Amino acid sequence: MADAGDLEHGNIEDLNVQLLLDSTQKVENPVNQHQPCIFMISSDFSPRVVSIGPLHRNDNNLLPFEEQKAIYMRDLLKRFDGPREDILRRCFQMMNADDNISKIRACYNTMNTYYSDDNLARMMVMDACFILEFLHKLSSKSPEKDVLIERSIAYDLLLVGNQIPFFVLQDILDCINSSGENSGCLNSLIIVLVNVVNIFQSTLDTETLDIKKDNREYRHILDALHQCYVPLHHVTPTFSLGTPHSAVELDRRGVNFKPSNSSGWPMDIILESPSWYFPWAKSTLRMPKLRISGDTELILRNMIVYEQSCRDLGCCDYITSYVTAMDLLINNAEDVAILAESEVLVNSMGSHEDAAKMINELGKEAPFTGFVYLSQWERLGELYKRYWPKHIESFKRSYCKSPWNMFALIAGIMLFVLTVLQTYYTVNPIQTK
């Protein structure tokens, strides 16, 4: 007969076995199939004005703006004639539903503090109402807008850890629209924000977002911006860079740089090569017109981090490839100068050295996992080796750099011709009758 110690040991063992079985059951039948897509990364990505979602909620520097959120929510509700309490009650009940709360929690890789379901649902309603009203104000033409604060908030809404799930925004907007007043299409509101923070010269429209959304739902606002820079047709990345050459080196081999006129992919890079029967003609590398400022680094860093963090969710390295391509072209201030003179780059950072340093640091920090411009760079390597462009550009640099060089060249040619003629007539004097 087993004694009490054996029975106690058996019960503990059964409990542990049951816990192990429960853990396998959770894996086999997960509560939520959503994978995290909102990440707490580092202090480099901390918001400057407003906290969105739970990850930066306890930042003391952002607490004063919480009152402004309430004002934005009040302004949003003022757009409707119905009882505001009923609208907020429907929104809260929708967010606090078990399936929605589970989906919301699954979107975050961590929460720096515990939030009850009620607190989390209330946070989602408040932040969603704030974002929707901010987007309305952003799209207005009011002369009273504070552009500086407006842009600071816009950039905060693009930080990788400062997001709420996109379906929360859509559900809250649908709930508000069901109250009898249509508050607009979410894509139309988002595209205004996207164009404010767009780092390229090309203007994006709602059709771009509508086409992309046909493929899948957006995860959050940063994902919507990222999708604007994704080609409509998948481009397979490769694990090779080709032969790297800087803008200065390519310029000396007769490669022109011009802004891209592509209406499809905003980050398309096209190499236009001369025909074989014009071997002396220049090649042209068409690139998107990039605006470099202090905020350009913020946008690129966040999208690179998002790409690397969400690779398991199907993110491809388009932004990372573009930054890698720019890093290959830019080694120093002279390279930036050539691209700026070619109007494929607008430098607002004050100096070409600062712009080159920013691009190089981004290139070093961008983990190389695939390059979508390999074919263009392989062809650039072939053009770099061609005989005629190399020697023609060398001739131009030596003799066509200034008017005095040109005059010296012409004088040398004339002197050579006269010397040849003199020699000829000395050997073969003109016969006179």
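This is a predicted model: local features need pLDDT of at least 70, side-chain atom pairs count only at pLDDT 80 or more; totals for chains, interfaces and linings use all residues.
**Entry 1: starting with one residue**

I began with Q308, which is buried, with a relative accessible area of 19%.

Next I looked up where Q308 sits, and found its place in helix α12, which covers residues 294-309. Which residues does Q308 touch, not counting residues up to four places away in sequence? I noted D317, T320, P367 and T369.

**Entry 2: strand β3**

I moved on to strand β3, residues 283-287. Are its residues mostly covered or exposed? Mostly covered, I found: five of its five residues are buried. I then checked which way they point from β3: S283, L285 and M287 go one way, while T284 and R286 go the other way.

I remembered a general point here: strands of a sheet pair through backbone hydrogen bonds, either parallel or antiparallel. With that in mind I looked at both neighbours of β3.

Strand β1, residues 255-259, pairs with β3 in the parallel sense, over five bridges. Strand β2, residues 270-272, runs antiparallel to β3, and three bridges join the two. R286 turned up in both pairings: R286 in β3 is the bridge partner of K258, and R286 is also the bridge partner of I270.

**Entry 3: stepping back to the chain**

Last, I looked at the protein chain as a whole. I counted 18 helices and five strands in its secondary structure. The chain has 433 residues, and buried residues make up 44% of them.

I also looked up the contacts with a separation of 6 or more, and residues 24 or more positions apart account for 73% of these. The accessible surface comes to about 23,000 Å², and 54% of that belongs to carbon and sulfur atoms.

Conventions
Residues are numbered from 1 along each chain as its sequence is written. Side-chain values use heavy atoms; hydrogens and water are left out. Helices (H or I, at least four residues) and strands (E, at least two) are DSSP runs, numbered from the N terminus. Buried means under 20% relative accessible area, exposed over 50%, partly exposed in between (1.4 Å probe, protein chains only). Contact means heavy atoms within 4.5 Å. Accessible areas come from the Shrake-Rupley method with a 1.4 Å probe; for residues, only the protein chains shown count as cover. Two strands pair if DSSP finds at least two bridges between them.
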